[in-house]
Amino acid sequence: MPIYEYRCESCAGKFEVLTRFAERDLAQVCPTCDSTKTRVLVSSFAFGGGGGPESSASEFTSSKASGGGCCGGSCGCGSGAN
């Protein structure tokens with residue numbers, strides 16, 4: 001289940017809730033003021049690269065040819081053979 005961030009319309013507080021996607025638009029109770037006037041926020045997600053500030057998705061790719069596209073070349077999609 002994903003964690004969604006909410007904003008309380010009454011006190012402007014922000015809080016997070018672990019809930020199902022189907023239930024994310026339901027009103028949640030603000031832990032600060034107990035209001036149910038809450039909205040789900042659009043949040044960015046963190047990428048767990050495991051390194052410092054220079055970590056990126058490019059660490060998972062190789063500059064060397066690995067033999068192919070979608071499956072490493074075993075289907076022939078990136079091996080040049082048709």
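Let me start with a term: a residue is exposed when its relative accessible area is over 50%, and buried when that value is under 20%. Anything in between is partly exposed. Keep in mind that this is a predicted model.

Now, R20. Its relative accessibility is 51%, so R20 counts as exposed. R20 has a partner, E23, in a salt bridge, with the closest N and O atoms 3.9 Å apart. E23 comes in at 32%, so this residue is partly exposed.

On to the other charged pairs. Side chains of opposite charge can pair when their charged atoms come close. The structure has 4 salt bridges. Three residues, R7, E9 and R39, are linked in a network. R7 meets E9 at 3.6 Å, N to O. E9 also meets R39, at 3.2 Å, N to O. R39 is exposed, at 54%. R7 is partly exposed, at 28%. E9 is partly exposed too, at 38%.

Next, the largest pocket. Its volume is about 170 Å³. Among the residues lining this pocket are Y4, R24 and S43. The lining splits into 5 nonpolar, 1 polar and 3 charged residues. Strand β1, residues 3-8, gives the largest share, with 3 residues.

Last, the surface. M1, I3 and L18 make a nonpolar patch there, with about 360 Å² of accessible area together. L18 belongs to strand β2, residues 14-18. With 52% relative accessibility, L18 is exposed.

Note on methods. Residues numbered from 1 in each chain as written. Predicted model: local features only at pLDDT ≥ 70, side-chain atom pairs only at ≥ 80, totals over all residues. Heavy atoms only, no water. Patch = residues over 30% accessible without salt bridge, like charges linked within 9 Å, V, L, I, M, F, W, Y side chains within 5 Å. Areas by Shrake-Rupley, 256 points an atom, 1.4 Å probe, with all protein chains shown as cover. Salt bridge = Lys/Arg side-chain N within 4 Å of Asp/Glu carboxyl O. Helix = DSSP H or I, 4+ residues; strand = E, 2+ residues; numbered from the N terminus. Buried < 20%, exposed > 50% of the residue type's maximum accessible area, 1.4 Å probe, protein only. 1 Å grid on protein atoms, 1.4 Å probe; cavity = no way out; pocket = protein on both sides within 12 Å on 5 of 7 lines; lining within 4 Å. Points joined across faces, edges and corners; volume = space filled by probe spheres on them. Nonpolar A, V, L, I, M, F, W, Y, C, P; charged D, E, K, R; others polar.
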